[in-house]
Amino acid sequence: MPSTPSRSVIVVTGASAGIGRAAAVALAPDAEIVLVGRDRGRLDDALAEVRAAGGHDAAAYRSDFAALSDVRDLAAVLHHTYERIDVLANNAGLISGKGIETVDGYELTLQVNHLAGFLLANLLRDRLTGGRIITTSSAVHAGGRIDPAHFTLAPKYRKWRSYAESKQANILFTREAARRWGPEVLTAAFHPGAVRSRFGEETGLFRLAKRMPGFISPEAGARTLVWLATAAPGDFTSGGYYVRGKRHSPSSAASDDKVAHALWDASARATGIPLQDNSR
């Protein structure tokens, strides 16, 4: 009798709530789900929901991306546990209501939203061969203009500008990873929409705005992530930016390949990843 194909291994960061949790639940019947989150209680709740949805082999790991040492520890465990990773969903993110410098010396929003995912992807690069990296960005990226030379906390912190720059970094990372790692690793970034979830709860205005019409459920926001994680390779363009399942052109600043290259090198230096360019 032919052997039963092994289930795809899908790692979802930011999986304890919001679109990460919704995507993990949706993917659970057909894949081995690995949930990553910061809050142990919510992570355990999410794991129980994923298992109830058919993810009997799901696992969960706690990691706080505000500390790059946590990311390195997580990568070491995942590398040891899984011979391959078919999908890395870099979904963890936040918007800090105030300027905070991490233990690594970087601005908190940029580190959690970009540097941590960049580091995790690089540390798992060999396990991702033949797989894909899906990164949660935002249409807000158009309001930012990231400077690869400055990852530290600015003298005057502006939360929305910092968030926009981190989301722009997500798209630039996606473009550059496709160039450097393709075709062995496929990449895509996406905008989930305005989602009614725990995201941004610490910012009062955003918390109020989510009560207004136009915000969607986490399940609706996760649809593009689920599609990109499961679509045939020919159904999407590696390095592309997607909104509601369709490819869109990001802002000009997020389409600048010179900035993408510079951001990659600066991120590598910031996270201790060796500088190399394996593009062909």
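## A tucked-away helix

Helix α1 (residues 18–27) is largely enclosed by the rest of the structure, because 8 of its 10 residues are buried. Here buried means under 20% relative accessible area, with exposed over 50% and partly exposed in between (1.4 Å probe, protein chains only). The buried ones in α1 are Gly-18, Ile-19, Gly-20, Ala-22, Ala-23, Ala-24, Val-25 and Leu-27. Helices (H or I, at least four residues) and strands (E, at least two) are DSSP runs, numbered from the N terminus.

Keep in mind that this is a predicted model: local features need pLDDT of at least 70, side-chain atom pairs count only at pLDDT 80 or more, and totals for chains, interfaces and linings use all residues. Residues are numbered from 1 along each chain as its sequence is written, and side-chain values use heavy atoms, with hydrogens and water left out.

## The nonpolar cores

In soluble globular proteins, nonpolar side chains tend to be buried together. A nonpolar core is a set of buried Ala, Val, Leu, Ile, Met, Phe, Trp, Tyr and Cys residues joined through side-chain atoms within 4.5 Å. The largest one has 45 residues, and Phe-65, Leu-78, Tyr-82, Leu-120, Ile-133 and Phe-151 touch the most other members. Two or more residues each come from β1 (8–13), β2 (31–37), β3 (59–62), α3 (68–81), α4 (108–123), α5 and α9 (257–271). Helix α4 supplies the largest share of this core, 9 residues. Apart from this core lies another, of 34 residues, among them Ile-10, Ala-22, Ala-58 and Ala-231.

What does Leu-120 touch, leaving out residues up to four places away in sequence? Its list is Thr-13, Phe-65, Val-71, Leu-74, Ala-75, Leu-88 and Asn-90, where contact means heavy atoms within 4.5 Å.

A search of the whole structure turns up 2 cavities of 30 Å³ or more. On a 1 Å grid over the protein atoms alone, a cavity is a set of points where a 1.4 Å probe fits but cannot get out; a pocket is an open set with protein on both sides within 12 Å along at least five of seven lines, and lining residues have an atom within 4 Å of a point. Grid points are joined across faces, edges and corners, and a volume is the space filled by probe spheres set on the points.

The largest cavity holds about 100 Å³ of space. Of its 15 lining residues, Asn-90, Asn-113, Gly-117, Thr-135 and Asn-170 are the closest to the centre. α4 gives the most to this lining, with 5 residues. The lining divides into 5 nonpolar, 9 polar and 1 charged (Ala, Val, Leu, Ile, Met, Phe, Trp, Tyr, Cys and Pro count as nonpolar, Asp, Glu, Lys and Arg as charged, and the others, Gly among them, as polar).

The second largest cavity has about 30 Å³ of space. Lining it are His-114, Phe-118, Leu-172, Phe-173, Glu-176, Ala-260, Leu-263 and Trp-264. By class, that makes 6 nonpolar, 1 polar and 1 charged.

## A pocket and Ser-162

The second largest pocket has a volume of about 300 Å³. It is lined by 17 residues, and His-150, Thr-152, Ala-154, Ser-162 and Glu-165 are the closest to its centre. Helix α5 (residues 159–181) gives the most to the lining, with 4 residues. The classes here are 6 nonpolar, 4 polar and 7 charged.

Ser-162 lies in helix α5 and counts as buried because its relative accessibility is 8%. Its side chain makes a polar contact of 2.6 Å with that of Glu-107. Such a contact is a pair of N or O atoms within 3.5 Å; within protein, one must be able to donate a hydrogen and the other to accept it, and residues adjacent in sequence count only if both atoms are side-chain atoms. Leaving aside neighbours within four places in sequence, Ser-162 is in contact with Glu-107, Thr-109, Leu-110 and Tyr-157.
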